[in-house]
Amino acid sequence: MSMQDKFIQIGSLQFKRSDIKQYWVDYESAKERAIRLEQQDNHYIGSPLGLLLAGVVSTWLRKKNRQPDAKQYLHLKTAKDDFCFAVDEIDFSSVLAELKQ
(Lines give C-alpha, C1' and ligand atoms only; values in the text may rest on other atoms or scores of the structure.)
Protein backbone atom coordinates (compact mmCIF):
# COMPACT_ATOMS: atom_id res chain seq x y z
CA MET A 1 0.00 0.00 0.00
CA SER A 2 1.46 3.36 -0.98
CA MET A 3 1.43 6.47 1.21
CA GLN A 4 -1.42 7.92 -0.88
CA ASP A 5 -3.63 4.89 -0.16
CA LYS A 6 -3.40 5.24 3.62
CA PHE A 7 -6.68 5.73 5.47
CA ILE A 8 -7.18 7.99 8.50
CA GLN A 9 -9.88 7.17 11.04
CA ILE A 10 -11.52 10.23 12.63
CA GLY A 11 -14.35 9.39 14.97
CA SER A 12 -16.65 7.03 13.10
CA LEU A 13 -15.51 8.28 9.67
CA GLN A 14 -12.66 6.97 7.55
CA PHE A 15 -10.85 9.23 5.08
CA LYS A 16 -8.44 8.34 2.32
CA ARG A 17 -5.35 10.52 2.82
CA SER A 18 -5.33 11.55 -0.85
CA ASP A 19 -8.93 12.82 -0.53
CA ILE A 20 -8.04 15.37 2.19
CA LYS A 21 -7.24 18.60 0.39
CA GLN A 22 -6.89 20.92 3.38
CA TYR A 23 -7.23 20.92 7.18
CA TRP A 24 -7.07 23.57 9.89
CA VAL A 25 -7.91 24.13 13.57
CA ASP A 26 -9.80 27.10 14.93
CA TYR A 27 -11.46 28.18 18.17
CA GLU A 28 -14.91 29.35 19.22
CA SER A 29 -16.05 30.21 22.73
CA ALA A 30 -19.48 29.29 24.05
CA LYS A 31 -20.47 32.98 23.91
CA GLU A 32 -19.31 33.34 20.28
CA ARG A 33 -21.18 30.18 19.31
CA ALA A 34 -24.41 31.43 20.93
CA ILE A 35 -24.12 34.77 19.13
CA ARG A 36 -23.37 33.08 15.80
CA LEU A 37 -26.31 30.70 16.11
CA GLU A 38 -28.65 33.52 17.13
CA GLN A 39 -27.62 35.81 14.30
CA GLN A 40 -26.88 33.35 11.50
CA ASP A 41 -30.00 34.44 9.61
CA ASN A 42 -28.80 38.05 9.52
CA HIS A 43 -26.42 37.66 6.56
CA TYR A 44 -26.08 40.24 3.84
CA ILE A 45 -24.06 40.62 0.67
CA GLY A 46 -21.56 43.46 0.74
CA SER A 47 -18.81 44.58 -1.54
CA PRO A 48 -15.83 42.21 -1.84
CA LEU A 49 -13.55 44.82 -0.24
CA GLY A 50 -15.98 45.33 2.64
CA LEU A 51 -16.23 41.60 3.23
CA LEU A 52 -12.45 41.24 3.15
CA LEU A 53 -11.99 44.08 5.63
CA ALA A 54 -14.71 42.70 7.92
CA GLY A 55 -13.08 39.26 7.81
CA VAL A 56 -9.64 40.61 8.70
CA VAL A 57 -10.99 42.71 11.57
CA SER A 58 -13.15 39.83 12.83
CA THR A 59 -10.19 37.42 12.80
CA TRP A 60 -7.97 39.90 14.63
CA LEU A 61 -10.61 40.62 17.29
CA ARG A 62 -11.33 36.91 17.74
CA LYS A 63 -7.64 36.18 18.39
CA LYS A 64 -7.29 39.22 20.66
CA ASN A 65 -10.38 38.46 22.73
CA ARG A 66 -10.19 34.66 22.78
CA GLN A 67 -12.12 33.34 25.75
CA PRO A 68 -10.52 30.80 28.09
CA ASP A 69 -13.47 28.48 27.41
CA ALA A 70 -12.84 28.55 23.66
CA LYS A 71 -13.44 25.17 22.07
CA GLN A 72 -11.11 23.81 19.38
CA TYR A 73 -12.46 22.55 16.07
CA LEU A 74 -10.70 20.56 13.36
CA HIS A 75 -11.92 21.31 9.85
CA LEU A 76 -11.25 18.95 6.94
CA LYS A 77 -11.86 19.86 3.33
CA THR A 78 -12.14 17.00 0.87
CA ALA A 79 -12.94 17.04 -2.82
CA LYS A 80 -16.60 16.30 -2.08
CA ASP A 81 -17.43 17.67 1.40
CA ASP A 82 -16.27 19.73 4.35
CA PHE A 83 -16.19 18.22 7.85
CA CYS A 84 -15.87 19.77 11.31
CA PHE A 85 -14.92 17.89 14.49
CA ALA A 86 -14.95 19.32 18.03
CA VAL A 87 -12.11 18.67 20.46
CA ASP A 88 -14.42 16.65 22.72
CA GLU A 89 -15.47 14.37 19.83
CA ILE A 90 -12.03 13.13 18.74
CA ASP A 91 -8.43 12.85 19.96
CA PHE A 92 -6.91 15.95 18.34
CA SER A 93 -3.27 15.14 19.00
CA SER A 94 -3.36 11.71 17.36
CA VAL A 95 -5.45 12.89 14.38
CA LEU A 96 -3.17 15.88 13.73
CA ALA A 97 -0.12 13.62 14.00
CA GLU A 98 -1.62 11.31 11.36
CA LEU A 99 -2.50 14.25 9.08
CA LYS A 100 1.02 15.69 9.29
CA GLN A 101 2.69 12.39 8.29
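The legends below describe close-up views of a predicted model.

Residues are numbered from 1 along each chain as its sequence is written. In this predicted model local features need pLDDT of at least 70, side-chain atom pairs count only at pLDDT 80 or more, and totals for chains, interfaces and linings use all residues, while side-chain values use heavy atoms, with hydrogens and water left out.

**View 1. Confidence along the protein.** The mean pLDDT of the protein is 75, where pLDDT is the predictor's confidence in each residue, from 0 to 100. A value of 70 or more is reached by 72% of the residues. Among the elements, strand S2 (residues 13-16) has the highest mean pLDDT, 87, and helix H1 (residues 30-39) has the lowest, 68. Helices (H or I, at least four residues) and strands (E, at least two) are DSSP runs, numbered from the N terminus.

**View 2. The open sheet of three strands.** The strand order is S3-S4-S5, with antiparallel pairing. Two strands pair if DSSP finds at least two bridges between them. Strands of a sheet pair through backbone hydrogen bonds, either parallel or antiparallel. S3 and S5 each have a single partner strand and stand at the edges, so one side of each is left without a neighbour in the sheet. From one strand to the next, the twist averages 20°; axes are lines fitted to C-alpha atoms, for helices over the stretch in contact, and angles run from 0 to 180 degrees between N-to-C directions.

**View 3. Strand S4 and its two partners.** Strand S3 (residues 20-28) and strand S4 (residues 71-78) run antiparallel and are joined by eight bridges. Here Trp24 has His75 in S4 as its bridge partner. With strand S5 (residues 82-86), S4 pairs in the antiparallel sense over five bridges. Leu76 stands opposite Phe83 of S5. S4 and S5 form a hairpin, and three residues lie between them.

**View 4. Helix H3 on the sheet.** Helix H3 (residues 92-100) lies across S3, S4 and S5, contact meaning heavy atoms within 4.5 Å. The helix runs at about 30° to S4.

View 5. The structure holds three aromatic pairs. Rings of Phe, Tyr and Trp (its six-membered ring) pair if their centres lie within 6.5 Å; planes under 30 degrees apart count as stacked, over 60 as edge-to-face and the rest as tilted. The planes of Phe15 and Phe83 are at 75° and the ring centres 4.9 Å apart, so this pair is edge-to-face. The pair links distant parts of the chain, with Phe15 in strand S2 and Phe83 in strand S5, 68 residues apart. Phe83 and Phe85 form a stacked pair, 6.5 Å centre to centre with 10° between the planes. Phe15, Phe83 and Phe85 form one aromatic cluster. Buried means under 20% relative accessible area, exposed over 50%, and partly exposed in between (1.4 Å probe, protein chains only). Phe15 is buried at 6%, Phe85 is buried at 9%, and Phe83 is partly exposed at 25%.

**View 6. The salt bridge of Lys77 and Asp82.** The structure holds one salt bridge, defined as a side-chain nitrogen of Lys or Arg within 4 Å of a carboxyl oxygen of Asp or Glu. The side chains of Lys77 and Asp82 meet in it at 3.6 Å, N to O. Lys77 is partly exposed, with a relative accessible area of 33%, whereas Asp82 counts as exposed at 52%.
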